Amino acid sequence: MEEGINRRKTEHIQLCLTENVEGVNKSTGLEGISFIHNALPEIHFDDIQINTTFLNKSLQAPFLVSSMTGGSELAAKINQNLALAAEEKGWAVALGSTRALLESDAHQASFLIRQQAPTVPLIANLGAVQLNYGYGAEEAQRIVDRTEADSLVLHFNSLQEAVQDGGDLNFADLLPKVEEICSKLTVPVGAKEVGFGIDGFVAEQLYNAGIAYIDVAGAGGTSWSQVEKLRSQDPLRKAAAEAFNNWGLPTKDCIVSVRNKLPKVPLVASGGMKTGVDAAKAITIGADVIGFARQLLQAATESAEAVITTMEQIELELKMAMFGIGVTSLEALQQTRRVSIMGNSLLEES
């Protein structure tokens with residue numbers, strides 16, 4: 001069991017670092033959003049503030065290190081570097097799937113990163129499908145306690161499991177089990193996809209079951225059907241995966257759909273986020289926190305300092321976008337009309 005987990009997690013990392021694992025002809029949709037430059041911003045750049053709160057903790061920026069990995073020696077190095085950087089920059093940080101934490105004694109350090117990130121929001125992570133394979137509130141609470149997490153996020157990855165050799169395929173009747181987890185855990189429970197997106201209708205079902213926040217994890221970045229295709233030893237499954245190389249809901253569409261259905265739910269936008277300008281666009285259409293994953297991965301294999309440099313660039317890009325339209329707060333960015341969506345200028349409509 002330990003060897004299998006280690007090998008799979010290491011292969012996931014290596015493929016994401018070295019192969020083209022993005023969907024084919026699939027984007028986040030954010031390229032359809034553009035800002036209307038303000039030549040007279042009437043603000044001082046130094047007055048721009050990007051701090052916020054998430055999970056009842058302060059963030060210095062509206063950013064989350066999205067769930068990526070855990071359960072291998074390489075993952076330990078990556079997660080520790082990410083945690084150190086997140087603590088330094090005041091970002092939230094999420095772990096990869098923590099099932100291995102309970103099923104294997106190996107590589108515990110890849111999940112136990114609270115010492116490196118003592119004050120920022122820390123999110124543990126479990127595949128929702130495991131609720132049909134023997135996991136329940138007791139196991140979920142053990143994960144939270146072991147990691148000292150502020151929240152548990154359940155990830156919904158049906159298509160990844162369908163492509164993965166030996167994947168867990170019983171996604172039947174999960175919603176009542178999700179509701180039980182939400183009612184029994186001592187921390188808020190969130191829900192996320194893994195790169196194919198959550199729409200407003202599904203988000204509403206999850207929210208009504210007790211889910212506290214939604215991470216849309218839309219299409220436009222890493223496609224886990226493509227990652228698993230590259231890993232697969234099953235020729236039939238490998239060939240079938242090709243039909244899904246452009247599967248998924250673009251991140252932009254997910255944000256809009258969820259926000260329309262749930263105007264007040266805390267909303268994390270992840271899936272193909274690369275720059276602070278992407279983050280600014282997502283915030284204008286309803287996102288509260290922006291998740292970055294593969295954009296940080298290469299730096300995380302090097303050092304915490306390399307991750308910090310990448311984070312600082314993303315933060316600067318967000319501030320520069322805000323300066324370009326003349327807003328000094330995230331609230332003002334959410335409400336700006338200096339934005340054009342698919343060629344329709346909100347400024348001209350005002």
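The model is predicted, with local features needing pLDDT of at least 70 and side-chain atom pairs counted only at pLDDT 80 or more, while totals for chains, interfaces and linings use all residues. Residues are numbered from 1 along each chain as its sequence is written, and side-chain values use heavy atoms, with hydrogens and water left out.

Ile290 also belongs to the largest nonpolar core, which has 90 residues; Trp91, Ile214 and Ile290 touch the most other members. Such a core is a set of buried Ala, Val, Leu, Ile, Met, Phe, Trp, Tyr and Cys residues joined through side-chain atoms within 4.5 Å. Buried stands for under 20% relative accessible area, exposed for over 50% and partly exposed for values in between, with a 1.4 Å probe and protein chains only. Helix H13 gives the most to this core, with nine residues. A second, separate core of eleven residues includes Phe54, Leu64, Ile123 and Val268.

Helices (H or I, at least four residues) and strands (E, at least two) are DSSP runs, numbered from the N terminus. Helix H13 covers residues 304-325, and its 22 residues should span 32 Å at 1.5 Å a residue, which agrees with the 32 Å between its end C-alpha atoms; the expected span is 1.5 Å times one less than the number of residues. Just after H13, Gly326 takes a positive phi of about 80°.

Turning to the strands, eight of them close into a barrel with parallel pairing, in the order S4-S5-S6-S7-S8-S9-S10-S11. The twist from one strand to the next averages 25°. Two strands pair if DSSP finds at least two bridges between them. Strand S6 (residues 122-127) and strand S7 (residues 151-155) are joined in the parallel sense over five bridges, and Asn125 has Val153 in S7 as its bridge partner. Helix H11 packs on this sheet, touching strand S4 (63-65), strand S10 (267-269) and strand S11 (289-292), and its direction makes about 145° with that of S11. Axes are lines fitted to C-alpha atoms, for helices over the stretch in contact, and angles run from 0 to 180 degrees between N-to-C directions.

There is also an open sheet of three strands, ordered S1-S12-S13 and paired antiparallel. Its edge strands, S1 (33-35) and S13 (344-345), each pair on one side only. S1 and S12 are linked by three bridges, and the partner of Phe35 in S12 is Val339. Helix H11 (residues 276-284) lies across S1 and S12, running at about 100° to S1.

Two further residues complete the picture. Thr336 sits in the loop between helix H14 (330-335) and strand S12 (339-341). Thr336 counts as buried because its relative accessibility is 11%, and beyond its neighbours within four places in sequence it is in contact with Thr284 and Ile325. Glu228, in helix H8 (residues 224-231), counts as buried because its relative accessibility is 0%. The side chain of Glu228 makes polar contacts with the side chains of Gln160 (3.0 Å) and Arg231 (2.9 Å). A polar contact is a pair of N or O atoms within 3.5 Å; within protein, one must be able to donate a hydrogen and the other to accept it, and residues adjacent in sequence count only if both atoms are side-chain atoms.

Notes
Contact = heavy atoms within 4.5 Å.
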